[in-house]
Amino acid sequence: MIEFQHVSKIYKGGKVAVDDIHLSFEKGEFICFIGTSGSGKTTSMRMINRMTEPTKGKILIDGQDIQKMNAVELRRKIGYVIQSIGLMPHMTIRENITLVQKLLKIDQEKRNQTAEKMIDLVELPREMLDRYPSELSGGQQQRIGVVRALAADQDIILMDEPFGALDPITRDSLQDLVKDLQERLGKTIVFVTHDMDEALKLASRIAIMSEGKVVQFDTPENILKHPANQFVEELLGEDRLLQAKPDTTRVNEVMLNTAITITTEKSLQEALRLMREKRVDTLLVTDNQNILKGFVDIEAINKNRGLTSSVGDILQTDVFYVQESAFLRNTLQRILKRGLKYVPVVDINKKVVGIITRASLVDIVYDVVFGEEETLTDAVEAFNPDEIKEV
Ligand code: ADP
Ligand code: MG
């Protein structure tokens with residue numbers, strides 16, 4: 001939908017602000033330009049609505065060269081939000097929200113409908129429509145600034161560090177608002193920021209800029225997993241790279257190799273002896289090829305002593321296990337939610353290769369896994385060792 005074809009901008013005096021960028025954005029994407037100050041973010045963004053003209057290259061919107069469009073018309077099709085909110089102090093909130101619509105000569109009734117829809121969207125009372133900006137808090141005013149950009153029904157919205165001046169709590173709630181509205185209304189947003197947390201939270205793809213060049217253009221996940229160079233690594237910072245790491249940790253990297261197993265034909269006497277020796281109250285049961293068959297616990301042995309002769313007769317087969325090659329991140333929550341004390345790890349043939357214990361999981365949760373703290377905390381809290389029956 002928006003395409004930069006080898007675009008450069010050289011300001012008078014020779015400053016190369018943007019150096020041969022070649023990018024394309026899909027409809028409905030949330031694109032963030034991020035980079036250090038002076039890296040060319042604002043210049044890149046402003047070329048999309050021709051507030052700045054490129055020196056070289058072409059920009060296409062829906063396949064059309066914007067150079068060949070009327071600049072004023074182009075600008076009316078593209079919303080623009082800047083850091084200073086830019087609400088008109090002498091106009092009511094209603095008039096502010098529908099300013100662009102008025103310029104587009106949309107009738108009063110339609111404009112009123114839009115104003116009401118927009119104020120509902122940002123969850124402010126409708127009475128507020130007839131107040132003036134100075135009667136609203138800074139955060140409320142910026143909310144109005146955001147919906148004003150959305151009200152005109154433009155498909156593309158440019159935002160240049162719109163929340164830079166806000167306190168962290170207001171900023172956080174406006175980020176949620178913008179992301180939510182963008183998804184619900186299907187807008188394409190191009191957003192400039194120098195705040196990596198903001199970019200990672202909002203963007204479908206991030207264009208990382210340095211000295212006029214795009215050094216990486218990818219999804220937040222891929223950027224975290226595969227930073228293109230040292231500059232990107234530094235921009236991300238060590239903490240974020242560490243946080244991203246568990247994505248690729250596999251079960252066999254954290255498991256213990258000390259699973260205590262017994263084979264099916266062994267007697268209950270032998271099982272008891274092994275439990276006492278290893279100080280455990282359950283044993284994994286395998287066949288002679290070390291393939292997992294189930295488990296026995298001390299209760300079952302006590303109940304059946306004297307009646308049966310072998311472990312195979314009383315084993316419980318509903319054992320939960322994980323594959324050694326599975327990503328830890330994908331299995332961790334399942335393991336914690338089930339409240340298991342330990343989980344056998346098997347290879348592709350279901351042979352027991354190790355074990356993950358609850359104790360080692362807790363270490364992993366605290367040491368490596370971030371970002372899903374709440375759900376993990378819930379899972380850990382839901383865990384009650386007294387209720388464990390399985391394994
Ligand atoms: P960013 O938004 O990433 O901070 P800009 O796109 O605003 O960067 O600026 C990129 C470079 O171009 C900077 O070195 C800046 O000083 C320079 N620049 C920006 N606007 C002009 C201008 N109108 N004339 C000359 N140089 C400019
Ligand atoms: Mg800028």
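Glu-211 is found in the loop between strand S9 (205-210) and strand S10 (213-218). Helices and strands here are DSSP runs numbered from the N terminus, with at least four residues (H or I) for a helix and at least two (E) for a strand. The model is predicted: local features need pLDDT of at least 70, side-chain atom pairs count only at pLDDT 80 or more, and totals for chains, interfaces and linings use all residues. Residues are numbered from 1 along each chain as its sequence is written, chains are lettered from A and ligands numbered from 1 in the order in which they are written, and side-chain values use heavy atoms, leaving out hydrogens and water.

**Loops and backbone angles**

- Most residues other than glycine have a negative phi.
- Glu-211 is not a glycine, yet its phi is positive, about 50°.
- Glu-211 is exposed because its relative accessible area is 69%. Buried means under 20% relative accessible area, exposed over 50%, and partly exposed in between (1.4 Å probe, protein chains only).
- Lys-350 also has a positive phi, of about 70°, although it is not a glycine.
- Lys-350 sits in the loop between strand S15 (342-346) and strand S16 (352-357). Its relative accessibility is 29%, so Lys-350 counts as partly exposed.
- Ala-203 lies in the loop between helix H8 (196-202) and S9. Ala-203 is buried, with a relative accessible area of 9%.
- Ala-203 and Pro-220 are 17 residues apart in sequence, and their C-alpha atoms are 7.1 Å apart in space.

**Helices with a buried side**

- Helix H5 (residues 108-121) has 14 residues. From first C-alpha to last it reaches 20 Å, close to the 20 Å expected at 1.5 Å a residue. That expected span is 1.5 Å times one less than the number of residues.
- Buried in H5 are Arg-111, Thr-114, Ala-115, Met-118, Ile-119 and Leu-121. They lie on the same side of H5 because they cover an arc of only 150° around the axis. The arc is that of the directions from the helix axis to the C-beta atoms.
- Glu-109 and Lys-117 are exposed on the face of H5 turned away from its buried side.
- In helix H12 (residues 268-278), the buried residues are Leu-268, Ala-271, Leu-272, Leu-274 and Met-275. Down the axis of H12 they fall within an arc of 165°, so they line one face of the helix.
- Arg-273, Arg-276 and Glu-277 are exposed on the other side of H12.

**Ligand 1**

- The residues around ligand 1 include Tyr-11, Lys-15, Ala-17 and Thr-36. A residue is near a molecule if one of its heavy atoms lies within 4 Å of it.
- Helix H1 (residues 41-48) gives the largest share of this shell, 3 residues.
- A backbone N or O atom of Gly-40 lies 3.0 Å from an oxygen atom of ligand 1.
- In the side chain of Lys-41, an N or O atom is 2.9 Å from an oxygen atom of ligand 1.
- Thr-43 has a polar side-chain atom 2.5 Å from an oxygen atom of ligand 1.
- On its own, ligand 1 has 560 Å² of accessible area, and the protein covers 62% of that. Accessible areas come from the Shrake-Rupley method with a 1.4 Å probe.

**Helix H13**

- Lys-303 lies in helix H13 (residues 298-304). Lys-303 is exposed, with a relative accessible area of 67%.
- Lys-303 and Ile-314 are 11 residues apart along the chain, with 9.9 Å between their C-alpha atoms.

How values were computed. Polar contact = N/O pair within 3.5 Å; in protein donor to acceptor, adjacent residues only side chain to side chain.
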